[in-house]
Amino acid sequence: MSDCHEVQTLSSTPLPKIEADAPLIALAGQPNMGKSTLFNLLTGLNQHVGNWPGKTVERKEGHFQLNGRPARLVDLPGTYSLTANSPEEVITREFILIEKPSVVVAVVSAANLERSLYLVAELSALDAPVVVALNMMDVAGQEGICVDTHILAAALGLPVVPMIASKAVGVRELLGVVESVIQGELIPSPHPPEVRADHQDVLRKIESLIAGYMPEGYPRSWVTLKLLEGDTEVTLNMKKALPPEIWEAVHEILRAHDDAFLAVASGRYDWIERMVRASVTRPKVGQIGLTGRLDRWAAHPFWGLLLLAGILGLVFWLTFTIGSPIQVWMDEQLIGSLIGLAEKALIDAPFWLRGSIVDGLIGGVGSVLTFLPILVIFFAAFAVLEDAGYMARAAYVMDNLMHLMGLHGKSFLPLFLGFGCNVPAIMGTRVIDSWPARLLTILIAPLVPCTARMAVVAFIAPAFFGHNATWVSWGLILLSLVALLFSGILLNLVIFKGQRSAFIMEMPLYHIPNIRTIGLLVWQRSLAFIRKAGTIILVMSLLVWVLSRLPDGNMDTSYLARIGLFIEPVGRWMGLDWRLMVALIASFPAKENAIATLGVLFGSSPESGLAGTLASSFSTASALSFLVVTMLFIPCMATVAVTKQETNSWGWTLLGVGLMLLLSMAAGTATYHLALLIGL
Amino acid sequence: MLQKLISTLRSGDSHEIRSLAARLETTPEMVEAMLEHLQHIGLIKPFNICKDACTACPLAGGCQAPLVPHLLIHTSTSK
């Protein structure tokens, strides 16, 4: 590890004018390796920026003093490899092959050799003399990464110079090595990677076929590799250069080995692994170790699921234990008192004004706002899980489960977003290529229990189920997921026909959650909820109040009651009276409207808050059925709108709404009768 | 090693970079480099669901969707 951080410093010196026969040095490297920093450092103001001939890619050229004489320096475009995937890659390799620079300086990152050595693997297959500038030694040092430059140089067969271009450290030594290469005192003898063993025969066959037909300046072994990689430009050039019968033979071999591009890349990665294994030492303790240990449980297919279920249960328990008493207090004391005060203050006000403020505004919107404490705790719990890095694990174990059950991964990931809101879940289905699969995923996305639905559950469940509210909430999520799972299995069988697609998840390291981040998340989400209460929910509350008072001021004979009574026969199957049915319908613009509507219809008082009033008005079986129907009921207006937008069809949109309506009714009916059977 | 990674991905399961690295007996950095390569040659593509979905989402301001970075894998082997 002697060379870990041994670097030389360079002070800036004035540069003389360029000479015609000056040595040509090319800087090559992947983007963000510090290539341009090195170029600017060496050339200063002696640089010219233009375009490469016939391309819109920037060409940077300059000159600097090398060992007392001027040298030309070209900053080649940042490229990942030398395969003709982009104009930058073509420019870089053409320049090296045709212009034949005196030295190619490959700028690589000491902090990420695995990534940056791929280009070195390609460069070392060319005839150009390569010097490796091992940049970002400081970043590597900060990350505890130690690169033994002597071993790396021996393994690569190329000179390696450690440096920190951003601080002009190690540049003088780099120039010294470049000068030695130009003078022939140091001759790079690269050990390039080999193609994977099972394709070496193929390589040899093509090499022998194309011998003697090489375009000027193209090394045969490099051309063969590019042919195997399917490089379009090299393939086209060789087709022109080879006699038809030889091209036919080459083409036949290439056709028979259409996966050869992977064999070439595989050989390069095996080579990179050997280089890194030999020369790089990484820290093995600390945060990564902790993450690994925690993930043994959190990302385990079985224990991870149990942990997720436990965490969900804990979140509900916390929410109900801390949030519910505050909600009940706000409902009984705050809203009740507000209603009392408003009634007194508006005693002489017209009926419509008093009613709309007392019942519509305070009873409706006020009731919804009382569960803000519950939501704040709920949001905070999820913000902690998100910021600590757990949510990625939750997605991972859920996805594993979905795979086990046959649901296609491409469908699951958009659906996962639905836990927050169904709208981005439906928009997220854009990643699914197959239209039938995307359509069916759109149709099942509203089955994912969103936060708004969970808010309704958070209000109703404690009122009816007391200490068992956690279990009921947990069961309701499970019910939604089971419905989703069965729909998904159907989707998999009918559309994907068992085809599978893998996902790789980049899981963040676990860390202690940041209070500020959590506070910000909770604030944003709570604000969004309050905004919703002040807009959609307010309008709906007033509308419900107006409909519940017109035409004669009597709720039982109001337009709302007439609508409710019209659909009540269906509600009776599920144990729901007309008021609960109306609350369900009112949840269409926003799910929380269900509570607002119940607030308008039942009101609140200092003696008994809305939750208490509801608990004394309905049986536990009816409440359970109402919760089940709410979880599976037709999606909200925004979700329906985005379904129409994404499917571009009212037919599919209405079919989705209809299916959810049927499913919720069937589940509600079954739940109600089952609950009666067990004596609830 | 790249071939082994591709075979593992073709199994169709969900993977996590550290567990993939353990399975391939290499470092997570090596796996990340290979995944980047596969992405570069078009065998896998990034899954920017939140970014894409939220751009046009009317509820983006109050969205509670968890941000989970992923890479989406294509199973085709030809270029």
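So, A:Glu229 is buried, with 7% relative accessibility; buried here means under 20% relative accessible area, exposed is over 50%, and partly exposed is in between, with a 1.4 Å probe and protein chains only. By salt bridge I mean a side-chain nitrogen of Lys or Arg within 4 Å of a carboxyl oxygen of Asp or Glu. Both residues sit in helix H8 of chain A, residues 220-229, and because they are three residues apart there, about one helical turn separates them. Helices are DSSP runs of H or I with at least four residues, strands are runs of E with at least two, and the numbering goes from the N terminus.

Quick housekeeping. This is a predicted model, where local features need pLDDT of at least 70 and side-chain atom pairs count only at pLDDT 80 or more, while totals for chains, interfaces and linings use all residues. Residues are numbered from 1 along each chain as its sequence is written, chains are lettered from A and ligands numbered from 1 in the order in which they are written, and side-chain values use heavy atoms, with hydrogens and water left out.

Back to the charges. A:Asp295 and A:Arg393 also meet in a salt bridge, 2.9 Å from N to O. This one links distant parts of the chain: A:Asp295 is in helix H12, residues 287-298, and A:Arg393 is in helix H16, residues 390-405, both in chain A, and the pair is 98 residues apart. Buried or exposed, A:Asp295? Buried, with a relative accessible area of 8%, and A:Arg393 is buried as well, at 0%. Then there's a network: A:Glu122, A:Lys226, A:Glu229 and A:Arg268 are joined by salt bridges that share partners.

Over in helix H7 of chain A, residues 200-210, A:Arg204 and A:Asp201 are three residues apart, so about one helical turn lies between them. Their side chains form a salt bridge at 2.9 Å, N to O. Over all chains, the count of salt bridges comes to 19. As background, side chains of opposite charge can pair when their charged atoms come close.

Now, A:Leu254. You'll find A:Leu254 in helix H10 of chain A, residues 244-256, and it is buried, with a relative accessible area of 14%. Which residues does A:Leu254 touch, leaving aside its neighbours within four places in sequence? A:Ile206, A:Leu227 and A:Leu228, where contact means heavy atoms within 4.5 Å. A:Gly230 is 24 residues from A:Leu254 in sequence, and the C-alpha to C-alpha distance is 8.3 Å.

A:Thr79 is a loop residue, between strand E4 (69-75) and helix H2 (87-99) of chain A. At 1% relative accessibility, A:Thr79 counts as buried. Setting aside neighbours within four places in sequence, A:Thr79 has contacts that include A:Gly29, A:Pro31, A:Glu88 and A:Leu119.

Next, helix H15 of chain A, residues 372-388. Its 17 residues reach 24 Å from first C-alpha to last, close to the 24 Å expected at 1.5 Å a residue; the expected span is 1.5 Å times one less than the number of residues. H15(A) is mostly covered, with 13 of its 17 residues buried. Just after H15(A), A:Gly389 has a positive phi of about 95 degrees.

On the surface, A:Leu314, A:Trp317, A:Leu318, A:Ile322 and A:Ile326 make a nonpolar patch, with about 450 Å² of accessible area together. Of these, A:Ile326 is in helix H13 of chain A, residues 303-345, and at 36% relative accessibility it counts as partly exposed. Patch residues have over 30% relative accessible area and no salt bridge; like charges are joined within 9 Å and nonpolar side chains (Val, Leu, Ile, Met, Phe, Trp, Tyr) within 5 Å.

Chain B, briefly. There are four helices and three strands, in the order α-β-α-α-β-α-β. Of its 79 residues, 49% count as buried.

Finally, confidence. Chain A averages a pLDDT of 82, and 90% of the residues score at least 70; pLDDT is the predictor's confidence in each residue, from 0 to 100. Where pLDDT is low, the predicted coordinates should not be read in detail.

Definitions and conventions: Areas by Shrake-Rupley, 256 points an atom, 1.4 Å probe, with all protein chains shown as cover.
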